[in-house]
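Dear colleague,

My notes come after it, and I would be glad if you read them with the coordinates open.

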Amino acid sequence: MKCMLRLLVGVGAAALLFSCTTGEEAAGDKAYDVAKKATGDVRRTQLKTAYINYRKAVTANPNKVSTKLRNRFLEMCITRAKMVLDEGSATMDAIPLLMDDIEGQLKEDADAGLRQQYAAFLVQLGDSSEINGKFINALKYYDRAIEKAADATPFRDKRKDVIKGVVKENYKKGKDLYEDGIKDKETGESSLIEAEYYAKVALYFDSTDADAQKLLSDCYKANIHSLSAFLSVITEYSDTLVFRKINKYDILLSVTNTANKGGTLLFRMHNNSYNPLRLKPDQFSLIDKNGAKYQASGGKIDPDFLDQERMVEDGRLNFPATKAEVKKLVYENGPHYSEKNFY
């Protein structure tokens with residue numbers, strides 16, 4: 001008798017759950033149908049009602065979501081997300097929540113058209129970041145669109161066009177600054193350091209761009225005697241992530257004589273890191289154009305204990321003869337790494 005009672009209670013609970021879920025989906029369908037014919041505030045209210053009820057239905061039985069319910073829920077999520085973006089901004093709190101709802105239901109049976117709509121929405125978010133100069137965030141949205149789309153071709157093309165524009169813009173900035181810096185022998189150092197920065201930005205987005213590669217090499221040659229302190233010349237930037245990617249060295253180096261085949265090298269060094277540094281010659285190496293590494297065999301560094309925001313003004317390092325032309329000077333000390341390229 002007790003077993004029968006438990007069985008009846010279990011069946012009743014299951015029936016109640018099924019009835020509740022069916023009722024929520026039905027309520028969503030009713031609001032969905034009304035919204036299709038309505039306009040203005042009535043449409044807005046019914047879309048929200050449909051979304052809320054579909055979400056309850058999906059949440060109640062996440063492993064038993066029908067294709068119809070899934071697609072209706074996705075449609076409401078995408079519609080609401082686009083509404084929030086169009087009428088508000090890309091920073092609205094509702095957008096990431098709606099995106100979580102959408103991506104949680106982008107299963108194999110999700111309608112291809114809805115996948116395409118969601119991808120277009122992601123591109124719209126990317127465009128918002130791109131307009132504000134936040135290019136890394138923009139590319140993340142474009143990449144996500146390519147991943148989620150039923151047909152990624154238009155979104156790949158969009159990504160390529162944005163990258164092409166960013167590279168072109170930063171190359172031109174760098175080229176103009178480089179030419180100004182070369183002409184102005186007395187005060188051109190800042191322009192040349194700034195040119196190096198923009199050349200690196202261009203190559204961050206497209207490492208294969210030949211013009212930007214040449215510009216960066218020219219900047220390296222021009223700035224060999226400079227510390228290339230980007231913080232001193234780049235005072236305004238919209239993309240914090242890009243700046244951090246480029247301004248990645250907290251130890252700044254400059255070379256007085258290039259020592260292209262080894263021998264004695266004279267250098268300057270500024271400690272912009274978070275702690276004092278105990279300096280030793282064997283922390284420095286030359287790298288030749290073939291990638292071979294030559295560690296310093298001795299030298300004189302004063303001071304040998306470099307405090308924060310302090311300089312080595314006249315360091316001297318002795319290197320063995322190299323087998324090929326030297327490409328850069330490298331400093332390595334635990335978590336600290338920096339390099340100074342010769343070309």
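Is Cys219 buried or exposed? Cys219 has a relative accessibility of 0%, and because the cut-off for buried is under 20%, it counts as buried. Cys77 is likewise buried, at 0% relative accessibility. A search for disulfides across the whole structure returned zero.

Please keep in mind that this is a predicted model. The average pLDDT of the protein chain is 92, and 94% of the residues reach a score of at least 70. Across residues 1-21, however, the pLDDT is below 50, and this stretch makes four contacts in the model beyond its near neighbours in sequence. Helix α1 (residues 2-37) has the lowest mean pLDDT among the elements of the chain, at 65, whereas helix α9 (residues 210-222) has the highest, at 98. Where pLDDT is low, the predicted coordinates should not be read in detail.

Strand β1 (residues 251-255) is the element I would look at next. Five of its five residues are buried, so the strand is largely enclosed by the rest of the structure. In a regular strand the side chains alternate between the two faces of the sheet. In β1, Ile251, Leu253 and Val255 point one way while Leu252 and Ser254 point the other way, and all of them are buried. Strand β1 runs antiparallel to strand β2 (residues 263-271), to which five bridges join it, and the partner of Ile251 in this bridging is Asn271 of β2.

The aromatic residues deserve a separate paragraph, as the structure holds eleven aromatic pairs. In one of them, the ring centres of Tyr249 and Tyr337 lie 6.0 Å apart with the planes at 50°, so this pair is tilted. Tyr249 belongs to the loop between α10 (240-246) and β1, whereas Tyr337 belongs to strand β10 (residues 336-341), and the pair thus links parts of the chain that are 88 residues apart. Tyr249 is buried, with a relative accessible area of 18%, while Tyr337 is partly exposed at 32% relative accessibility. A further pair is formed by Phe267 and Phe284, whose ring centres are 5.0 Å apart and whose planes meet at 45°, so it too is tilted.

The C-alpha atom of Gly113 is separated by 7.5 Å from that of Ala150, although the two residues are 37 apart along the chain.

With best regards

Conventions:
Residues are numbered from 1 along each chain as its sequence is written. This is a predicted model: local features need pLDDT of at least 70, side-chain atom pairs count only at pLDDT 80 or more; totals for chains, interfaces and linings use all residues. Side-chain values use heavy atoms; hydrogens and water are left out. pLDDT is the predictor's confidence in each residue, from 0 to 100. Helices (H or I, at least four residues) and strands (E, at least two) are DSSP runs, numbered from the N terminus. Contact means heavy atoms within 4.5 Å. Buried means under 20% relative accessible area, exposed over 50%, partly exposed in between (1.4 Å probe, protein chains only). Two strands pair if DSSP finds at least two bridges between them. A disulfide is a pair of cysteine sulfur atoms within 2.5 Å. Rings of Phe, Tyr and Trp (its six-membered ring) pair if their centres lie within 6.5 Å; planes under 30 degrees apart count as stacked, over 60 as edge-to-face and the rest as tilted.
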